[in-house]
Amino acid sequence: MSLVKLNKKRFPWNESLTDFFNREMFVDDDFFNLEKSHPSMNVKEHDKDFEIEFAAPGFDKKDFEITMKDDVLEVSAHKSKEETEEDENYTRREFNYNAFTRTVQLPNTVDRTKEVKAVYKNGILKLNLLKMEEAKENKKKVIEVV
């Protein structure tokens, strides 16, 4: 018995179909990855503050809980929705639950005595954390490479 190599050129659709049914690609996709249950986050450092953005569409302002203790900022949100519709022939009940928690280690330059500004607009939660005065004065030093 001999092994016969499959000629993929005979089946031009073979490669895309193989990729579609590839177990690793199908199961390990980000859609099925449970570790991706927290929103994406951007952190921007400015001269006077840090700006942290969370992509969290579908929530309301009241759904968020933001706490800061010691050097840790914790942002969490919980939302649940339940609908029930009854008719003489059927009952329909739908529910949805969405939640996340993200913790961020804060740098020493954040002024913990100042108020943190939080704004939620168009699915983006934006936090502004002010820096301490000493950190504002500490400018970036450019080092020349020789």
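Start by selecting aspartate 49. Leaving aside residues up to four places away in sequence, aspartate 49 touches Lys44, Asn128, Leu129, Leu130 and Lys131. Keep in mind that this is a predicted model.

Now show the secondary structure around this residue. Aspartate 49 belongs to strand β2, which covers residues 49–55.

What is the distance from aspartate 49 to lysine 131, the nearest side chain of opposite charge? The distance is 7.2 Å, and aspartate 49, though buried, has no salt bridge. Side chains of opposite charge can pair when their charged atoms come close. For a salt bridge the nitrogen and the carboxyl oxygen must lie within 4 Å.

Stay in this area and select lysine 44, one of the residues that aspartate 49 touches. Which residue forms a salt bridge with lysine 44? The partner is glutamate 53, and the closest N and O atoms are 3.7 Å apart. Colour the two residues by accessibility. Glutamate 53 counts as buried because its relative accessibility is 15%, under the 20% limit. Lysine 44, at 35% relative accessibility, counts as partly exposed.

Select Lys81, Glu83, Glu85, Arg92 and Glu94, which a network of salt bridges links. Centre the view on arginine 92. Another joins arginine 92 to glutamate 94, where the closest N and O atoms are 2.8 Å apart.

Are these residues buried or partly exposed? Arginine 92 is partly exposed, its relative accessible area being 27%. Glutamate 83 is also partly exposed, at 32%, and glutamate 94 counts as partly exposed at 44% relative accessibility.

Zoom out to the whole structure. How many salt bridges does a search of the whole structure find? The search finds twelve.

Finally, colour the chain by pLDDT. The protein chain has an average pLDDT of 79, and 73% of the residues score at least 70. Select residues 1–6: the pLDDT is below 50 there, and beyond near neighbours in sequence this stretch has two contacts in the model. Then select residues 23–35, where the pLDDT is also below 50 and the stretch has seven contacts beyond near neighbours in sequence. Where pLDDT is low, the predicted coordinates should not be read in detail.

How values were computed:
Residues are numbered from 1 along each chain as its sequence is written. This is a predicted model: local features need pLDDT of at least 70, side-chain atom pairs count only at pLDDT 80 or more; totals for chains, interfaces and linings use all residues. Side-chain values use heavy atoms; hydrogens and water are left out. Helices (H or I, at least four residues) and strands (E, at least two) are DSSP runs, numbered from the N terminus. Buried means under 20% relative accessible area, exposed over 50%, partly exposed in between (1.4 Å probe, protein chains only). Lys and Arg count as positive and Asp and Glu as negative; His and the chain ends are not counted. Contact means heavy atoms within 4.5 Å. pLDDT is the predictor's confidence in each residue, from 0 to 100.
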